[in-house]
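Here is a short note for a colleague opening this entry for the first time. Please look through the sequence and the model before reading the points.

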Amino acid sequence: MKLRLAISLLGLGLWAVPALGQGCAMCYSAARAASKDGQRALNRAILVLLAPPLGVMTAEIGLAYRYGKKRDGEQ
């Protein structure tokens with residue numbers, strides 16, 4: 001059972017490897033050619049765009065945990 005799980009996780013991990021190569025060469029070169037202030041602004045923009053999905057996912061996990069605890073307490 002543990003071997004099957006390990007093989008499945010390894011397969012899933014290897015399946016996702018091509019996604020790492022999706023970096024756009026044109027975007028990379030344009031960002032690299034920007035000034036240091038422009039590069040800093042791009043980094044901040046990425047963090048700003050990352051914050052809402054992380055917040056929503058954290059809230060959903062918290063709600064699911066709370067619901068599970070409540071359900072277990074009722075049983």
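Which pattern does the protein chain follow, read along the sequence? The pattern is α-α-α-α.

1. Basis of the note. This is a predicted model, where local features need pLDDT of at least 70, side-chain atom pairs count only at pLDDT 80 or more, and totals for chains, interfaces and linings use all residues. Residues are numbered from 1 along each chain as its sequence is written, and side-chain values use heavy atoms, with hydrogens and water left out.

2. Fold content and overall form. The protein chain has four helices and zero strands. The radius of gyration of the protein chain is 20 Å, well over the 11 Å that the globule rule gives for 75 residues, so the chain is more spread out than a compact globule. That radius is taken over C-alpha atoms, and the rule is 2.2 Å times the number of residues to the power 0.38. Helices (H or I, at least four residues) and strands (E, at least two) are DSSP runs, numbered from the N terminus. Along the principal axes, the C-alpha atoms fill a box of roughly 60 × 30 × 15 Å.

3. Burial and surface. Buried residues make up 3% of the 75 residues. Buried means under 20% relative accessible area, exposed means over 50%, and partly exposed lies in between (1.4 Å probe, protein chains only). The accessible surface of the chain comes to about 7,300 Å². Carbon and sulfur atoms hold 69% of that surface. The areas come from the Shrake-Rupley method with a 1.4 Å probe; for residues, only the protein chains shown count as cover.

4. Two distances across the chain. I7 lies in helix 1 (residues 2-15). I7 is exposed, at 54% relative accessible area. I7 and S35 are 28 residues apart along the chain, and their C-alpha atoms are separated by 45 Å. A45 sits in helix 4 and is partly exposed, at 35%.

5. A nonpolar patch. L47, L50 and L54 make a nonpolar surface patch of about 290 Å². L47 belongs to helix 4 (residues 36-74). L47 is exposed, with a relative accessible area of 57%. Patches are made of residues with over 30% relative accessible area and no salt bridge; like charges are joined within 9 Å, and nonpolar side chains (Val, Leu, Ile, Met, Phe, Trp, Tyr) within 5 Å.

6. Charges. The chain has 10 positive and 4 negative side chains. The centres of the two sets lie 10 Å apart. Lys and Arg count as positive and Asp and Glu as negative; His and the chain ends are not counted. Each charge is placed at NZ of Lys, CZ of Arg, CG of Asp or CD of Glu.

7. Salt bridges. How many salt bridges does a search of the whole structure find? The search finds two. A salt bridge is a side-chain nitrogen of Lys or Arg within 4 Å of a carboxyl oxygen of Asp or Glu. R40 and D37 form one, at 2.9 Å, N to O. Both lie in helix 4, three residues apart, about one turn of the helix. R40 is partly exposed, at 43%, whereas D37 is exposed, at 54%. D72 and R71 also meet in a salt bridge, at 3.7 Å, N to O. D72 is partly exposed, at 47%, and R71 is partly exposed, at 39%.
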